[in-house]
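Biologist: I have a structure open and would like to go through it in short questions. Could you take them one at a time?

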Amino acid sequence: MHEMSLAEGIRSIVEDSAHSHDSSRVERVVLEIGALAAVEVEALRFCLEVVLRDSVAESAEIVIDPVPGQGWCMQCALTVPIAQLYDPCPHCGSYQVQATGGTEMRVRELMLAATHDQPEH
Amino acid sequence: MCTVCGCGSGELRYNGQPASQRDKPARPGTTSQAFRPRAGDASPWGQAAPPRAGARARDAASTANADAPVDTAGRLDFGSGPAHAHAPGLSQAQMVRIERDILGKNDLLAAANRSWLATRGILALNLVSSPGSGKTTLLCETITRLAGAVPVAVIEGDQQTEFDAERIRATGAPALQINTGKGCHLDAHMVGEAFRRLHIADDSLLLIENVGNLVCPAAFDLGEAHKVVILSVTEGEDKPLKYPDMFAAADLMLLSKTDLLPHLRFDVARAIDFARRVNPRLTVMQLSSSTGEGFDAWLDWIRRGLAGARRPTAFQESRT
C-alpha cells in the first residue's frame, strides 16, 4: 500500500543522511522490509526509481533485505515463524499468535561515494 | 501517495479551504513527471533486481525478477519471493548505518499529537472501516447518547465534500472536515493541523473518522489512543482475513448494523474468529445504531478510556 509515500520517506531520509555526511552521491541504499509490513517490494522499487531521479541517490543500487515474520504463540509460549498475520502456530495450530517481528520498514544503511566523486549532472 | 489506490498529496482541504502553502509542494521531477526509461540505461539496480522501466508491477510476473509475484494456479502472489543477493562493492565509498524508520516522520508527528492530547485529557479514537459501514451514523448516535455528559469533537476525513461534517454539526458537536483530495488516508500532520483549527475541550472525546479505506489508514499513526475498526454485517465475514492489516492495527472491533442480521446470511461467530486469528487481543462489541442495541457496552468502553486519558507525562506507547 501507499508505496509512493514510503518512497518519498526513503528519499527524505537518504538525502538528510547524505547531507549530514557531506556526501553528494549515494551508491547503495539498503532497506529492511518486514514480511508483515504490508509493503509490496515490487511496487516500492518502481516508486523508488521515479522518486530518486535527480536526487543524490539517482541510480543507486537498491538492496531490500526481507525480514521474516515472527509471532508469539500464547499457547506454546514460543516465538514461531509466520508468513501472514492470520497464520496459525506451526506447532499447535492455535490462532493465538501475536505478530512480534517482520513488521519493520527501515532504511538500514547507505553506501556513500567518496566526497571528491561528484555526480555528472 | 498510493500506487495501489492512486491517491496523492495534492488538493488537501480543511473545511473546504485549501491547506496553507506550508504544505509541501509536489517536487518537480518526482510526482508530476511521467516515468520514462532512459535510452541505453544500464540497470541501476544490479543484477539482483532488473528494472522493468515503464512496466506495470502486474506485468512483472513474466520477468525473471526475484521480486516478481508468484503465479500459482491463477493467483498472483506479490507477498512472497526469495531474498536479494547483497553484493558487496569495492569502491572507496563509505558504508553508513542509519537505521531509520521509513514512517519515522509520521510517527514523530503522531507522538507530538499524542502528547498534546494527553496533557489535555482528550481521548482520541481513530475510526476506520470500508466506505458505507455506517461510521458517520454511529458517530451521530454516539454523540447524541453522550450529550450533556461528555463533550465530543469530530474530525472527518473524506476525499471530497463536507457532507459528513455537516451531519455531525447537526448533532451540535463541533466538527472539522479534512478533504484529502487525492489522498487515501489521514496522516499525523493533517490531524495536528486540525487540532489548531477545531475547538476541542479539555477532558473530552475526540472522534477521528478516517477515510473509508481498509488498507492504507492501518499504517498511519495519528496519535490516537486506539484504532477502532467497524465491520458492518452487510459486508463479508471474511473481511478480517482479506484486509488483515487493519484488524491487526485495531484495539476494538465494532460489529455494526446487527439489527439487519435476521435478513442476512452473516455468521457472527465466524467473523469474530477470523478477526481474532489476525489479532488475538482484539476486543469485539456488537451494536446497532438504528436500535441502540449494544450501545451501553460501547459507551462504557469510551468512559473507561476517558478516565485514563489525562497523562501529564509525555508519550504513551505508540504502536506495537
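Biologist: Does A:Asp54 count as buried, partly exposed or exposed, and why?

Modeller: This is a predicted model, so the answer is computed from predicted atoms. A:Asp54 sits in the loop between H2 and strand E2 (61-67) of chain A. A residue is buried with 20 or more other C-beta atoms within 10 Å and exposed with 12 or fewer. A:Asp54 has 13 C-beta neighbours inside 10 Å, so A:Asp54 counts as partly exposed.

Biologist: What is the phi of A:Asp54?

Modeller: A:Asp54 is not a glycine, although its phi is positive. The value is about 65°.

Biologist: Is B:Glu99 buried or exposed, and why?

Modeller: B:Glu99 lies in strand E5 (residues 94-101) of chain B. Its phi is positive too, near 50°, and B:Glu99 is a residue other than glycine. The limit for exposed is 12 or fewer neighbours. B:Glu99 has 10 C-beta neighbours inside 10 Å, and therefore counts as exposed.

Biologist: How do the axes of H1(A) and H2(A) lie, parallel or oblique, and why?

Modeller: Two packed helices are described by the angle between their axes and the distance between the axes. The axes of helix H1 (residues 3-20) and helix H2 (residues 41-51) of chain A come within 9 Å and cross at roughly 50°. Angles under 35 degrees count as roughly parallel, and 65 to 115 as roughly perpendicular. H1(A) and H2(A) are therefore oblique.

Biologist: Which residues of H2(A) meet H1(A)?

Modeller: H1(A) passes H2(A) in a right-handed crossing. On the H1(A) side the residues include A:Glu3, A:Leu6, A:Ala7 and A:Ile10. In H2(A) they are A:Ala43, A:Leu44, A:Cys47, A:Leu48 and A:Val51.

Biologist: Why is chain A called more spread out than a compact globule, and what is its radius of gyration?

Modeller: Chain A has two helices and six strands, in the pattern α-β-α-β-β-β-β-β along the sequence. For 121 residues the globule rule gives 14 Å, and chain A is well over that, so it is more spread out than a compact globule. Its C-alpha trace spans about 60 × 25 × 15 Å along the principal axes. The radius of gyration is 18 Å.

Biologist: In the hairpin of E3(A) and E4(A), which residue in the turn has a positive phi?

Modeller: Strand E3 (residues 70-73) and strand E4 (residues 78-81) of chain A pair in the antiparallel sense over four bridges. One of the bridges links A:Cys73 with A:Leu78 in E4(A). Four residues lie between the two strands, and the one with a positive phi, of about 55°, is A:Ala77.

Biologist: Which strands of chain B stand at the edges of the sheet, and why is one side of each left without a neighbour?

Modeller: The sheet is open, has nine strands with mixed pairing, and runs in the order E2-E1-E8-E7-E9-E6-E10-E11-E12 (chain B). Each edge strand has a single partner strand, so one side of each has no neighbour in the sheet; the two are E2 (17-18) and E12 (283-286) of chain B.

Biologist: What angle does the direction of H4(B) make with that of E8(B)?

Modeller: E8(B) runs parallel to E7(B), and five bridges join them. H4(B) packs on the sheet, touching E1, E7, E8 and E9 of chain B. Among the buried residues of H4 (188-197) are B:Met190, B:Val191 and B:Phe195. The angle between H4(B) and E8(B) is about 145°.

Technical notes. Residues numbered from 1 in each chain as written. Chains lettered and ligands numbered in written order. Predicted model: local features only at pLDDT ≥ 70, side-chain atom pairs only at ≥ 80, totals over all residues. Pairing = 2+ DSSP bridges. Contact = placed C-beta atoms within 7 Å. Axes fitted to C-alpha atoms, helices over the stretch in contact; angles between N-to-C directions. Rg over C-alpha atoms; globule rule 2.2 N^0.38 Å. Parallel < 35°, antiparallel > 145°, perpendicular 65-115°, else oblique. Left-handed = near helix turned anticlockwise from the far one by under 90°.
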